[in-house]
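Biologist: I am new to this structure, and I would like to learn how to read it one feature at a time. Please start with the helices and the sheet.

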Amino acid sequence: MRRVRYESTGGPLFLEETPVPAPGPGELLVRTEAIGVTLPVVRKVTEAAEPIPLGGEIAGEVAAVGQGVTRFRVGERVTGLCFGHGYADFAVLHEAMASSVPDAASAVDAVALVRSGLVALGALDAARPEPGEAALITAAASGVGHLAVQLAKTRGAGRVVGAVSDPAKTDFVRALGADEVIAYGSPGCPHRPDWGDPVDYVLDAVGGELLTPAVAALVPGGRLVAYSSGGGTIQAYDLLVGAKSVIGFQMARIARGQPELYERWRRELWRLFAEGTLKPAVHGEFGLADAAKAHEVIESRSNLGKVVLRP
């Protein structure tokens with residue numbers, strides 16, 4: 001089978017031929033049909049001290065099952081988070097991280113919806129939104145952000161402000177249901193954005209220099225949920241004077257420690273998808289041989305929705 005790999009920090013990515021892996025106890029071997037490309041994986045390629053397997057969201061058909069697997073059979077369509085080599089024709093997926101793909105959904109729908117949707121829904125729940133509240137969502141055109149905009153409206157947000165790095169993304173985010181769209185510039189830009197009227201909560205996927213102005217955008221008592229891998233620092237005084245809160249959200253912690261909640265969120269995402277309320281957008285599809293081009297799209301922050309690899 002083909003697999004995408006790299007040998008040193010920063011790449012380059014290349015295709016190699018390797019034997020099809022065998023699923024271990026509690027694992028599924030999946031013939032991949034779609035693979036989601038995410039910013040955390042792209043950053044690991046450029047920043048990790050040692051090469052890592054390129055994992056992430058995958059969707060496809062179960063080709064074999066390991067010992068002890070009871071929930072899935074060969075031939076079923078599944079999606080889930082692969083912690084090993086996911087950029088490949090076949091990938092190993094732990095049964096606990098897998099979920100069924102409904103008949104009405106494609107593999108591309110699955111990788112665009114489930115993992116990104118789980119992060120968006122989890123971050124939204126962490127903000128404890130109340131009906132009628134105003135929300136600010138950074139990186140609103142991203143794979144997670146464009147779903148967060150839709151979910152915030154579904155949960156009754158009275159006003160949703162979508163923040164984007166490029167004014168060219170404005171129409172896309174407005175079409176998702178955002179009431180206002182603000183361009184804050186590229187990462188590292190010193191420009192302090194004007195968010196307009198204060199908001200009750202912020203879902204932040206950017207971090208870094210954007211954290212301080214994002215906290216400043218909150219009303220007294222407001223909440224910021226940080227789910228970015230971009231880091232950043234917040235002054236305690238900025239929280240104290242407005243009785244504001246910052247909440248860190250990590251999807252892996254929920255998946256490992258609260259599987260019932262994880263499954264409930266998955267069911268909610270598929271229900272909203274089936275109703276037509278939640279519509280995942282795909283920026284582009286790339287072959288495995290073009291994985292580097294897919295990473296370039298993510299690095300440039302030019303994507304509108306999800307970037308997907310198709311074996």
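**Helices on a sheet**

Modeller: Helix α2, residues 107–126, lies across the strands β11 (199–204), β12 (218–226) and β13, and its direction makes about 145° with that of β11. Helix α3, residues 145–154, also packs on the sheet, where it touches β8 (134–137), β9 and β11, and it runs at about 175° to β8. Helices (H or I, at least four residues) and strands (E, at least two) are DSSP runs, numbered from the N terminus. Touching, or contact, means heavy atoms within 4.5 Å. For the angles, axes are lines fitted to C-alpha atoms, for helices over the stretch in contact, and the values run from 0 to 180 degrees between N-to-C directions.

Biologist: Before we go on, what should I keep in mind about the model itself?

Modeller: It is a predicted model, in which local features need pLDDT of at least 70 and side-chain atom pairs count only at pLDDT 80 or more, while totals for chains, interfaces and linings use all residues. Residues are numbered from 1 along each chain as its sequence is written, and side-chain values use heavy atoms, with hydrogens and water left out.

Biologist: Is α3 mostly covered or mostly open, and how many of its residues are buried?

Modeller: Buried means under 20% relative accessible area, exposed means over 50%, and partly exposed lies in between (1.4 Å probe, protein chains only). By that rule α3 is mostly covered, with 8 of its 10 residues buried; among them are G145, H146, L147 and L151. After α3 comes G156, which has a positive phi, near 95°.

Biologist: How should I read the sheet, and in what order do its strands stand?

Modeller: The general idea is that strands of a sheet pair through backbone hydrogen bonds, either parallel or antiparallel. Two strands count as paired if DSSP finds at least two bridges between them. Here 6 strands make an open sheet with parallel pairing, in the order β10-β9-β8-β11-β12-β13. Its edges are β10 (180–183) and β13 (245–248), each of which pairs on one side only, and from one strand to the next the twist averages 20°.

Biologist: Where can I see antiparallel pairing?

Modeller: Look at strand β3 (residues 27–37) and strand β4 (residues 56–65), which pair in the antiparallel sense over 7 bridges. On its other pairing, β4 meets strand β5 (residues 77–82), again antiparallel, over 6 bridges.

Biologist: Which residues are linked in a network of salt bridges?

Modeller: The network links R3, R5, E7 and E16. Within it, E7 and R5 have their closest N and O atoms 3.6 Å apart. E7 is exposed because its relative accessible area is 56%, while R5, at 24%, is partly exposed.

Biologist: With what is P51 in contact, leaving aside its neighbours within four places in sequence?

Modeller: P51 is in contact with Y6, E7 and S8. Its place is in the loop between α1 (39–47) and β4, and it is partly exposed because its relative accessible area is 39%. The C-alpha atoms of P51 and L151, 100 residues apart along the chain, are separated by 35 Å.

Conventions
Salt bridge = Lys/Arg side-chain N within 4 Å of Asp/Glu carboxyl O.
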